[in-house]
Each structure stands twice: as C-alpha cells, then as structure tokens.
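Have the viewer open as you read.

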Amino acid sequence: MNDLLMVHGGMPLHGEIRVRGAKNLVSKAMVASLLGESVSRLYDVPAIRDVEVVRGLLELHGVRVSEGTDGELVFDPSNVERANVDELNVHAGSSRIPILFCGPLLHRLGHAFIPDLGGCRIGDRPIDFHLSALREFGAIEEKTPEGLHLTAPGGLHGTKFELPYPSVGATEQVLLTAVRAEGVTELRNAAVEPEIIDLICVLQKMGAIISVHTDRVIRIEGVPHLGGYTHRPLPDRLEVASWACAALATHGDVSVRGARQVDMMTFLNVFRSVGGAFEVDDSPNAGIRFWHPGGELSTVALETDVHPGLMTDWQQPLVVALTQAQGLSIVHETVYEQRFGFTDALVKMGATIQLYRECLGATPCRFGQRNFLHSAVISGPSKLHGTELEIPDLRGGFSHFIAALAAEGSSRLHGVDLINRGYEDFEAKLDALGARFERI
Ligand code: EPU
C-alpha cells in the first residue's frame, strides 16, 4: 500500500470515535501471558502493529494465540519453547517490547534471547536500568552482534533495587521478573503510571502478590506458579489526548468513546487552561467530548513529567494546539531529551517555535546541563499552511497530522504507516470525523 497521504486542511473535525485498550498496557499484558500455566484472555485489543509484533514473538516461543470477536485475544502458553534466533531477528528494530521478555523467558526456559530493539527515535533510550535490575535478580547477560543472550544459572531471586529514574519499562521489567522469583523484591523509585497499575492488576489476577506503597515503592512476593488472566485493559489515554488536541487545533468537536476521566485528569486541567472545553459522560457508553468553544486560546507554561505529572506523550499534540494560542507558551520536556524534533515541520508550516538547551521550567531536569534542545517557546497564534511532511515518530507524526488538518491548503504526509504502530484505524477515524484526505 502507498505510504503517502494527501491531507486537505482547514476543516474542523466533528463527530465521534472510539478508543480501545491502551497500547502501552496491552503489549505488556501479552508478555505477562508467558508467565502463566493456563490460558489468558485479553479484551479490547487494538489492531495496531505493536500488537502484531508482540504476537509474532509470542508465537515464535510456542504460545498459541487465537482471536475472538471485538478485539479479544486468547493466549495458550502450555507449550512455551526456545525460539530460533534467526526467526526472532525478523522482529529486530520493530519495537521496544522484546526487552520485557527477559524475565518471563528466564523463568520459563532458563534462557532468553532478545533481538535488537526498535521504537521511536525520541532520545537515546538506553536499557541500562533493565540490565542492572536483571543482574540483581541473578541473570547474566552476553551481548552478541545478533542481540542479547541471558541466562540465570542460579535461578532468579528477589532483591532490593532502586531505579535511578522512575522508568516505565524498567518498572515493568522488575514486575515481570519478580513475580516468579524466589523471595521478596522491593523496588524503590518505581514508575506508577496507570498502565503500570493495570499491569499489576493483570499479574494479581494470575496469582501474583504485589503491593504499591507510598513514595514509589512496590513490593513483590515471588510465587512459584501463576495461572492465566481475563482482563479488559484501561483505555488508551495517549490516543484520547491526541484526538482532543486535534479537536482543539481544528476548531472542532470530537467525542471520544471509551475515554475515562480518571486517566486523563492532568491532561484535562491543561486542556481547560488553554481554553478547550470538555464534558465527561459517565454512562455505560462512557466517553469524553472535547471541543473548541470559540474565542482565543490561552498560553500556558508546561513541564512533562512522570505520573501523576503531564505525560510526555501528550506534549506533541498539545504543542500543535499551542501554535493557535495568543502569546507565548513554554514547554519543558523532562522525560526524553530529544522530543522536539517534530517542531521543525511545524515551523516549516508557519509556526513560531524556538528551542532551548536550558530548563525553561521550575524543575531542573536531567538534560539541563547536557546540551539537549529540550525546552520550547511557542509564539502564537500562527496561520499554518500545508506542506510536504515526513512522519518522524509515532506521537510526533500524529501531531504532524493535526497540524496538516488545522492548516490552510494541502499537505503531503510521507511515512504514514508508522502511525499504524499505535493508532488503530486512524484513517477510518479521520473519515468519521469529516477530515478530507486521500492515499496517493
Ligand atoms: N531510561 C534510561 N535507562 C533505561 C530505561 C529508561 O535512561 O534503562 C530513560 C529513558 O531514556 C527516558 C526515561 O528513562 O529518558 C523514561 O523512559 P521509560 O523507560 O519510562 O520509557 P519506556 O518504558 O521506554 C514507555 C512508553 C512510552 C512513554 C514512556 C513514558 C511503552 C512501549 N512506551 O516507554 O510511550 O513515552 O513510557 O511514559 O510503554 C509511545 O507510546 O509513543 C511511547 C513512546
């Protein structure tokens, strides 16, 4: 299929769409199924490429995966086996999830091979925290040109470990390893994003004993056996925010079915401060309606942070909306060191955005002294005009879409298939919201 989309901007988005289970929980819950001795069932799984990649990896390890109706996936892990390195390498570079197979494979097979990782290029994205945690549990790693080989000759044992930074992935690594390690694990400075809490719910359903304490401490009592789970994931709050910002930037009105207020509270505060309007529907067909109420949008000063702060993945779509606010907005990115690359394209479209190496926010962050362009000043409102765009990464790419929809004239977007990594049926959703676009 052609990877190029022509988007005709200037039309407000109007209508209703539905989001499914969160990409950043679903993929981890799929990995967790490897730990069980019986069948697991996950509902509301979005048809996105990250899910296909994890499914492929599970199948290569002998997990039988079947599909039910309406996004149900069933995992049968009764015949987990060592996978062929060459076959696994087909998935090299396609996602960051494979690193989370370490603990489950070490428990099941005593050995793990992890192909080289992929994921969005939004910073260095090292795996040092993952590897130090695995070593603490008793794993030994060997890096080869093909990827990473791990063994645990003395078995995996509970440990006390403090993360240098509350990394989402490293916290998941510890959870997925500690649940079946011998003894107790205490993780300090853990990430507590809603997706992590939902993963803990999945593991608890399987038989794990995990308690979350104040001050980012998670305690896990290892158990020798885990069963399967049946789980309906939390909705994709990253996708919800993307559509909310698209509604705001295009002067539109979009109802997002499946969205939940409790997952979105920090975002909703910012959305309201900028001048956006929203209405929460708590009925069984729940959702949130987002719209531009007319008048000028207001500027804000924002800092991204770990939960319960403003998510880094909400930053890019918000920046597009802020190009339409009256005056100067400041955004300080404290989670990833290179998450403003996507703004070059916005500037090409007519936005006024200046990037800074300094921390332009109250919190000095890890990147302040290290020469990274990680603060942005956005001056608006700017009339955006259509142009030629190359999708750089998942969230930045969706933000280019939003800009193209808000702009006057047409834009040609190259590399749009990258959006399928994390946004289910995004073209059908754009269609449902009245956007004008075509594949060329
Ligand atoms: N970090 C290290 N060493 C490590 C691990 C992380 O230095 O071993 C650093 C990272 O470089 C980054 C920071 O810690 O500066 C936070 O990274 P984290 O580990 O929290 O991120 P992640 O687990 O790789 C997940 C999501 C991201 C989301 C972040 C933050 C998945 C698959 N990805 O990434 O989502 O931005 O948490 O919430 O869950 C996306 O969906 O587009 C996406 C990028």
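This is a predicted model: local features need pLDDT of at least 70, side-chain atom pairs count only at pLDDT 80 or more; totals for chains, interfaces and linings use all residues.

## The cavity, the pockets and the ligand

Residues are numbered from 1 along each chain as its sequence is written, and side-chain values use heavy atoms, with hydrogens and water left out.

**Cavity**

- A search of the whole structure turns up 1 cavity of 30 Å³ or more, and the largest cavity holds about 30 Å³ of space.
- Its lining is made up of Arg20, Gly21, Pro46, Ile48, Asp236, Glu239, Gly422, Tyr423 and Glu424.
- On a 1 Å grid over the protein atoms alone, a cavity is a set of points where a 1.4 Å probe fits but cannot get out, while a pocket is an open set with protein on both sides within 12 Å along at least five of seven lines; lining residues have an atom within 4 Å of a point.
- Grid points are joined across faces, edges and corners, and a volume is the space filled by probe spheres set on the points.

- The largest pocket has about 1100 Å³ of space.
- It is lined by 48 residues, and those closest to its centre are Arg96, Arg125, Val168, Gly169 and Tyr336.
- By class, that lining splits into 20 nonpolar, 10 polar and 18 charged residues.
- The second largest pocket contains about 290 Å³, and its 19 lining residues include Ala249, His251, Gln324, Ser382 and Ala406, which lie nearest its centre.
- Here the classes come to 9 nonpolar, 7 polar and 3 charged.

- Where is the ligand? It sits in the largest pocket, meaning that more than half of its atoms lie within 2 Å of the pocket's grid points.
- Helices H1 (23-32), H5 (128-137), H6 (168-178), H10 (312-322) and H12 (394-406) are the elements that each give two or more residues to the shell around the ligand; helices (H or I, at least four residues) and strands (E, at least two) are DSSP runs numbered from the N terminus.
- The ligand is surrounded by 26 residues, with Asp128, Ser167, Val168, Asp313 and Val335 the closest; near means a heavy atom within 4 Å.
- That shell has 12 nonpolar, 5 polar and 9 charged residues.
- Oxygen atoms of the ligand lie 2.8 Å from a polar side-chain atom of Arg395, 3.0 Å from a side-chain N or O atom of Tyr336 and 3.2 Å from a polar backbone atom of Pro126.
- On its own the ligand exposes 830 Å², and the protein buries 92% of that (Shrake-Rupley areas, 1.4 Å probe).

- Most residues other than glycine have a negative phi, and most peptide bonds are trans.
- The His307 to Pro308 bond is cis, with omega near 10°, and Pro308 is in the loop between strand S17 (301-303) and H10.
- Gly380 to Pro381 is also a cis bond, with omega near 0°; Pro381 lies in the loop between strands S20 (375-380) and S21 (388-390).
- Asp44 has a positive phi, near 60°, in the loop between strand S3 (40-42) and helix H2 (49-60).

Conventions:
A polar contact is a pair of N or O atoms within 3.5 Å; within protein, one must be able to donate a hydrogen and the other to accept it, and residues adjacent in sequence count only if both atoms are side-chain atoms. Ala, Val, Leu, Ile, Met, Phe, Trp, Tyr, Cys and Pro count as nonpolar, Asp, Glu, Lys and Arg as charged, and the others, Gly among them, as polar.
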